[in-house]
Amino acid sequence: MKKYFYIFKVSLIEKMQYLSNLAFDFIFFSLIVFILTSIWRYIYSDAEIINGYMVNQIMWYALLAEAFWFGSRNRIFSEEMSYDIKSGNIACKINKPYNYIFFSLSKYLGDIFLKLVIFILVGIILGIVFIGSLQNFHIKNLPLIALVYVLGVIIASAIFIIISLSSFWLEENKSIYWVYDKIIIMLGVKFPLEMLPIQLQPIFKFTPIFACAYGPMKLTVDFSMEVFYQIIIAQSLWLMGSIFLALFMYKKGLKKINANGG
Amino acid sequence: MNIIEAQNLSKNFKVKIKESGFKGSLKSIFSPKFENINAVNSINFSVKKGEILAFIGPNGAGKSTTIKMLTSILHPDSGNIKVLGLNPVKKRKQLAYKIGTVFGQKEQLWSHLTPYDNFKFFAAIYDIENNKAKKRISELNKLFEFQKFINTPVKSLSLGQRIRCEIAASIIHNPEILFLDEPTIGLDPVVKEKIRVFIKTMNKEYQTTVFLTSHDIGDIEKLCKRIIIMNNGKIVTDSLMENLRCNYLTKKILEIKIKGAVELTHINGLKILKDEESIIRAEVDTSKRDISEVLKTLDYENIVDITISNIPLENIISEIYSSKGEV
């Protein structure tokens, strides 16, 4: 465990040197937040509550979901890991005394940690400026909300690892990233599940969207212990399932490493 | 004591074969064809503790595949391997603590971090305590002389400096065996020489066994006492360097500096390589004709200087490649 924390730390130190690169992301993020809050204000001009959300809650939901999405994006899985597998570069990384899956996960978490914290802080500042303070939010709930956020990030990264590991069998897997990313944006980031057709809502509770996108945001804007238990159970199952699948795929994939040609 | 043992070791790769053109591409979708490539074909060898072994061969001979099987990266299709008494497939993690690897063409250092941070990182990976890590870094500093650039990000280092750091990082845990896959590739002669000195010193001071692949004859000549030559997935030669020279050095190069005209009699075993105004260069096959017999046929009056030398190791190895398999 100590060595994975060290990998996290080294990845964090490396990322700290390029924090200024976030400037463009902040400009784009602010623009998106402005557009989203304007759209929701317009939608709510004739209604106080839509599908259980007040305008203040839905705008905070959208803002935090965007901050979460912007903050947790990087190229470690979508490009680096897939490239390593396809090119054989993985050879330099797997002959060390650690598990490559947990190495990648720690590296990813270290890489996004500061960025995610900064985006959430910037999001909170933008939210207070554009929306006003979040109604019905109690600071005592913060530890449980934080736990759900952390698990959400880990599950999201485990799913990205699974997609990256498909490179052992697929020559091209960028389309899978693209489709998965767009599904998460459309169904978890831009709208909460309650905005989807009522027949589809139970189905989505069994998807990663519920565990890693909808869950943390819903709990922030509308906390209840009942929702917390639902989300934490879903997250526990997704966490175990995705890590198990990643480890299984890695074990199978190792036999297919293509290191022909040096 | 043998610390590496490979018995009947084989590895095949399945490669997709596609006919050329659009029709070929369509055909390969509906009825894909595959070819089995025997990258390593039932090889046997062993390495003793403290040896510096040259493991060489032309491109595609199976050297890197063998190294990757020995270091638990690739799983062999058949055969047995024991590295330090461990099976690399089953005891990957345990073995990783005892070996180090450097792939000259692949970076393992974090490019945005300094060498010092990288060394600390590798020390943490190998469960080395902070105090011991610091001591080891200063020990390695004496050997690899990286003090001047220890706080410069790796991405800003020259290739030679980076390779020194790559090797230092790979031996931070004092491994018993170091696998070096073309460590001097792309380096200038001065840096190459430095790297060779480091390897030799490391072998002497820490008794580290070195398993070296290289296309650079200088690396092999200056470092290794034993050589294994692979071609087409098979071992074609496994010999001590001095035996290799004795067995293959039946040819000598005769270089004669002349004034005026000197004619070399056409005799069996003598092959003229170069005949210019003031220099004649010839190859003498000593299995057919003694060098003294050739010298007796010369007209000494017009000769300024004579040099007799062995043929370069590079030529010996090329000859082995072509005589024992397709290159």
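Helices (H or I, at least four residues) and strands (E, at least two) are runs in DSSP, numbered from the N terminus, and two strands pair if DSSP finds at least two bridges between them. This is a predicted model, in which local features need pLDDT of at least 70 and side-chain atom pairs count only at pLDDT 80 or more, while totals for chains, interfaces and linings use all residues. Residues are numbered from 1 along each chain as its sequence is written, and chains are lettered from A and ligands numbered from 1 in the order in which they are written.

**Exercise 1.** Work out how β12(B) is joined to β11(B) and which strand pairs with β12(B) over seven bridges.

*Solution.* Begin with β11(B), residues 270-275, which runs antiparallel to β12(B) and is joined to it by five bridges. Turn next to β10(B), residues 251-258, which pairs with β12(B), residues 279-285, in the antiparallel sense over seven bridges; here B:Lys252 has B:Val284 as its bridge partner.

**Exercise 2.** Describe the side of chain A that touches chain B.

*Solution.* Taking residues as in contact if their C-beta atoms, placed from the backbone, lie within 7 Å, one finds 19 residues of chain A in contact with 27 residues of chain B. On the chain A side, α1 (2-16) and α5 (91-94) each supply at least two residues, and the largest share, five residues, comes from α1(A).

**Exercise 3.** Locate the domains of chain B.

*Solution.* The automatic or database domain assignment gives domain 1 (2-245) and domain 2 (250-310), whose C-alpha centres lie 43 Å apart.

Methods. Two residues are in contact if their C-beta atoms, placed from the backbone, lie within 7 Å. Ala, Val, Leu, Ile, Met, Phe, Trp, Tyr, Cys and Pro count as nonpolar, Asp, Glu, Lys and Arg as charged, and the others, Gly among them, as polar.
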